[in-house]
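Opening the notebook on a new model today. I want the overall build first, then a closer look at one helix.

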Amino acid sequence: AKNVGILAMDIYFPPTFVQQEALEAHDGVSKGKYTIGLGQDCLAFCTEVEDVISMSLTVVTSLLEKYKIDPKQIGRLEVGSETVIDKSKSIKTFLMQIFEKCGNTDIEGVDSTNACYGGTAALFNCVNWVESSSWDGRYGIVVCTDSAVYAEGPARPTGGAAAIAMLIGPDAPIAFESKFRGSHMFHAYDFYKPNLASEYPVVDGKLSQTCYLMALDTCYKYFCHKYEKLEGKQFSLSDADYFVFHSPYNKLVQKSFARLVFNDFVRNASSVDDIAKEKLAPFSTLTGDESYQSRDLEKASQQVSKPLYDAKVQPTTLIPKQVGNMYTASLYAAFASLLHNKNSELVIVLFLFSKYENQLSLPLFPHTSDIYNNMQAGKRVILFSYGSGLTATMFSLRLHEGQHPFSLSNVATVMNVAGKLKSRREFAPEKFVETMHLMEHRYGAKDFVTSKDSSFLPPGTYYLTEVDSKYRRFYAKK
Ligand code: ACO
């Protein structure tokens, strides 16, 4: 199989959210702490009728329907998640309900877990399967699903929730460059969930930030080594069009890209111009440890990297800023933002153009998708996946035009990111906190039915109706 990768995608996030600005006022922190300090706009959360299982049922059903995939065509289903509902029964087995009713129980794969990295592990498994001798010619599906919730305190505003489903197969518009990959795996206690009675993690916020940046540096080093060995030339940030990061909050993404620019400066790579070199020169003698602590370096490298950030990273930030940390889904939601943004930019440009160019005015929209697919073809996207504890990989994807329905423009259309963001319902912070309290009681509980009010859920959404006396969970579809 050639050009194995992502053929199609869909994303689901709960329609219920709080504004970070309102949360700042409610929490009594200084104005701007969450919006500017963390760089976040909104935080989506599951109410009592949603969880990681309902969200993944919703997104997998939607993926199959929107791309008209027969459930019998699926031969592997992998789930990445760190939200524990059951210590033995995988989320994958809940999703089998979609397939067994069509007579397909011949589907390999289970769940992968290590903090926010499980989705990437699942994706690599699925891609490896399609590339292997055990592949039977059918598609794979990878699901990333998480509800990120934190105890009250500074980490709480970095919560979020979403599920993403990706269809995996050959001749993909989003193909893996599997040879270009660098990993860093290490034992650390930066973020972990040792208390099995609680959904909340134990988190050392400052350590997790440093672990993330150190993992980024190390992955980039290995990535560059492998690239240079295979291509016979140095890799620099100029060799990729977009950089997508696991996004706990946007500020860390800004710092991460700045860190890569600093890496290129230290490696004397061609992507760093003379002005940037001059600004970064005072930091060239810092030791690794010192460089993580230096506020001046952070400031200087962020300033120097700004134009490149705007071109190569900013288009990936929409959903993570609007929804929050989605754990395993965060990296892929950032990637989805890129496809969405580049598509809408083009639609706007062509629309404006059509107003002045009569000959372009009609059948404009049928052509837009071709132009989009063509413009993005050949572009290289570098992704950085990070899961606390810790596991991290930097890897490379190459965009291709693809064939309908598996084309970049169709993926952007199907995901309908703008429509989903627009039709959300804002909750007051008090209501969000109340929901968190209720969910604390519900976590690990049995024998309850959920509220009958699912009016705010869009049609097609699965929701939890009951957990019976034997902890069995029941879902309905709106
Ligand atoms: N206006 C503008 N900026 C402000 C304001 C304000 N009024 N107040 C504070 N800030 C800035 C701070 O200067 C700081 O910026 P900096 O990072 O550039 O220094 C930023 O806001 C955050 O403020 P802090 O006081 O440093 O942060 P706090 O202790 O409140 O917690 C943290 C932040 C550690 C990210 C916390 O939210 C957390 O623990 N989150 C979960 C862990 C996490 O996401 N880690 C990332 C990798 S691991 C993972 O993915 C889970």
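**Notebook: overall build, then helix 4**

I started with contacts in the protein chain, keeping in mind that this is a predicted model. Counting pairs at least 6 apart in sequence, I found that 75% of the contacts join residues at least 24 apart.

Then I checked the overall dimensions. Along the principal axes, the C-alpha atoms fill a box of roughly 65 × 55 × 50 Å. The radius of gyration is 22 Å, which agrees with a compact globule, because one of 478 residues would come out near 23 Å. As for burial, 48% of the 478 residues count as buried.

UniProt, in an unreviewed entry, puts a domain named "Hydroxymethylglutaryl-coenzyme A synthase N-terminal" at residues 1-173. In the model that span is 30% helix and 25% strand, and its end C-alpha atoms sit 14 Å apart.

On to helix 4, residues 91-100. Which of its residues are buried? I got I91, K92, F94 and L95. Seen down the axis of helix 4, these buried residues fall within an arc of 160 degrees, so they line one face of the helix.

Notes
Residues numbered from 1 in each chain as written. Predicted model: local features only at pLDDT ≥ 70, side-chain atom pairs only at ≥ 80, totals over all residues. Rg over C-alpha atoms; globule rule 2.2 N^0.38 Å. Buried ≥ 20, exposed ≤ 12 C-beta atoms within 10 Å, placed from the backbone. Contact = placed C-beta atoms within 7 Å. Helix = DSSP H or I, 4+ residues; strand = E, 2+ residues; numbered from the N terminus. Arc of directions from axis to C-beta. UniProt positions renumbered as here; feature names shortened; annotations may be inferred.
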